[in-house]
Structures are given as C-alpha cells and as structure tokens.
Amino acid sequence: MLHLRLITPADRTDDVVRLVETTVGTAHLVVLPGAARNPAGDVVMCDVAREAGDELIGALRELKLDRIGSIAVENIDLSLSERADKAEDDAPGEGADAVLWEHLVDATHEESTLNVTYVAFLAVATMLAACGVMLDNAILIVGAMAVGPEFGPLAGISTALVQRAPRLVWRSLWALLAGFAAAMVLTAGFSWLLDTLGLFEKSMVEAPRPNTAFIWKPDWMSFVVAFLAGIAGTLSLTSAKSGALIGVAISVTTVPAAANAAVAFSYRDYSQTWGSTWQLLANLGGIVLAGTLTLLAQKAFWAWQRKRTPEPA
C-alpha cells in the first residue's frame, strides 16, 4: 500500500476527494479543512493499493495538484485493515508487478545527475577494477562491479525513451559519458602512479590473465548477459525489489572494461584498449535496449490490466 498526503486549495478539495473516492483500490480517506499553511489549503490523506497508485497520481497531476498544491507519496510497510485488504483485492493486478511511473522518473532523474559523489563512486570502482585486471583477481573485479553506480543513468535513458522525456535522455547520457570519461582519465593517472611506485608494470598487462581476459574479448555472449541484466535491473527498480540490483551490478562488465581500457591505454596496448571499449559499449547498449523493451512491455501490460478492471459503481 501507498500513503498519499495531498495539499489542495479549498476550491479544489471536492474534486480531489471525488477522484479518490472513485478510484478503485483506495481506502482510509481523511480530509482536514484548512490544515495546510504553506501552501495554504486543505490536507487530504488516503491509502491506495500500489497497483492503483500510478493511475491516481496521474489523475491528480491532471488536476494540476502538483503545481497548485502538493502530492507526497510514502510506502506503507504494514497496514492492518480489512479496508486496505479489500482495496488491494479490488485493484487490478499485483502490487509487486505495479509500475509507479512518476516515482521511476523521479528516481532515475536523481540517479542520473552528474555530481561529485557519482563521479567519485565510478572512479573508485574503476580503480578497484584496474587492480583486479592487473592482478588477474576475479574477487576484485566483482567488488568493483558492485560499487559502480552506472546503472542509474542507464535506467534513466530507458525510462526517458519510454516516457518521451528528451531532457532526461540527455541528462542521463551526459552523466554516463562524462562519468566514464572522468573515471577512465583518473584511472589512467592512477595506473601511472602505481607504475611509478613499482606496483604496476607493463608485463602485467601483457600476461595471459585467464581469469579476466574476457574483459577485453567481447563476443555475443557479452551482449546477451548485459541484455538479461538489463531486464533484471529494470524489474528490480519498477517492483521496488532493489536488492536485486546488486546481482545485476556484478553480472555486467562495464566498470572492468572501462578500467582495462584506461590501463591498457596508459601502457600503449591499443589492441586491449579497443577490445575493452567494445566490451563496454556492448554492455551499455544491451542494458539500455533491455531496459527500454522491459518498460514498454510493462506499460502495455498495465494498460491491458486497466481495461479488464470494471468501472466503479
């Protein structure tokens, strides 16, 4: 269940209340006349089944409540109420399958912002992966994959394409490209520093490295794995099962490929540099394609579910 707290001008309260009452899957409607001070107006609160939340929030935005008032949404971890149970039974589909598009756009917008923290995480992950590829240590590679924050901009691109939000596409693309560029430059400098200290050497790049050689040898399986990871990652975001994102992070070779490209370039091994770059592009492309198709499928599914839901009496 979701809890909605709405601030509405007094002359719009009746419209808002009527909308809540006629939306399938709502319960626990509360109206507090004159309770709001900034902005001034009435406070309307209600609970709504997750699978009906997107429809209600969209309708509230059509009333321009996000402009003239306020819409706040919270997850309810526990609700002991027969009315809440009935609301969830009446709503179409299952809550775990529901997509809250407004929440998804907001979350991916935040995760797709190019800021110091994002670049720092990506740079540290890339440097950690550089240590992993030079030492041929798969454990370090897995750790670097888990640290990398690049799935946020990738999800942002997919969401923006489905929702036709060009500004979010460019924002996410800029965060992705600029972030990787900065991380790779910093990793090349990091490689040069460790070489100066005698911790890295060219022979480590030229060694066979059987545990990590796949990083600069892309093939169709690289794309297939990235595609599957993109599906899993998108489902984890839309269903609020964020724990699955860790599994997604350690299944794709974005950060390690960027790291190996930077290290190989610093030692003028351009063959590995190009191979790693193609590996990186294959993974990024596979994730974006899978995420976009998954969101389109979910959007079509929920449109079908709503058509099957009977109109309220």
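Me: In strand 3, which residue is the bridge partner of leucine 2?

Reply: Strands of a sheet pair through backbone hydrogen bonds, either parallel or antiparallel. Here the partner of leucine 2 in strand 3 is valine 48. The model is predicted, so to speak of local features requires pLDDT of at least 70 and side-chain atom pairs count only at pLDDT 80 or more, whereas totals for chains, interfaces and linings use all residues. Residues are numbered from 1 along each chain as its sequence is written, and side-chain values use heavy atoms, with hydrogens and water left out.

Me: How many bridges join strand 1 to strand 3?

Reply: Strands are DSSP runs of E with at least two residues, helices are runs of H or I with at least four, and both are numbered from the N terminus; two strands pair if DSSP finds at least two bridges between them. Strand 1 (residues 2–8) and strand 3 (residues 40–48) run antiparallel and are joined by seven bridges. Leucine 6 stands opposite valine 44 of strand 3.

Me: How do strand 2 and strand 3 run, parallel or antiparallel?

Reply: Strand 2 and strand 3 run antiparallel, with seven bridges between them. The two form a hairpin with two residues between them, and alanine 27 stands opposite aspartate 47 in strand 3.

Me: In what order do the four strands lie in the sheet?

Reply: The four strands make an open sheet in the order 2-3-1-4, with antiparallel pairing. Strand 2 (26–37) and strand 4 (70–75) stand at the edges with a single partner strand each, so one side of each has no neighbour in the sheet. From one strand to the next, the twist averages 15°; axes are lines fitted to C-alpha atoms, for helices over the stretch in contact, and angles run from 0 to 180 degrees between N-to-C directions.

Me: Which strands does helix 2 touch?

Reply: Contact means heavy atoms within 4.5 Å. Helix 2 (residues 50–62) packs on the sheet and touches strand 1, strand 2, strand 3 and strand 4, its direction making about 10° with that of strand 1.

Me: Why is strand 3 described as largely enclosed by the rest of the structure?

Reply: Buried means under 20% relative accessible area, exposed over 50%, and partly exposed in between, with a 1.4 Å probe and protein chains only. Seven of the nine residues of strand 3 are buried, so the strand is largely enclosed. Leucine 284, in helix 14 (residues 270–308), is also buried, with a relative accessible area of 10%. Leaving aside residues up to four places away in sequence, leucine 284 touches Leu154, Leu176, Phe180 and Thr254.

Me: What volume does the largest cavity have, and which residues line it?

Reply: On a 1 Å grid over the protein atoms alone, a cavity is a set of points where a 1.4 Å probe fits but cannot get out, a pocket is an open set with protein on both sides within 12 Å along at least five of seven lines, and lining residues have an atom within 4 Å of a point. The largest cavity has a volume of about 30 Å³, where volume is the space filled by probe spheres set on grid points joined across faces, edges and corners. Its lining consists of Leu104, Ala155, Ser158, Thr159, Thr234, Leu237, Thr238 and Leu295. Helix 8 (151–163) and helix 11 (220–238) each supply at least two residues of that lining.

Me: Which element gives the most to the lining of the second largest pocket?

Reply: Strand 4 gives the most, with five residues. This pocket has a volume of about 380 Å³ and is lined by 19 residues, of which Ile57, Val73, Leu100, Glu102 and His103 lie nearest its centre.
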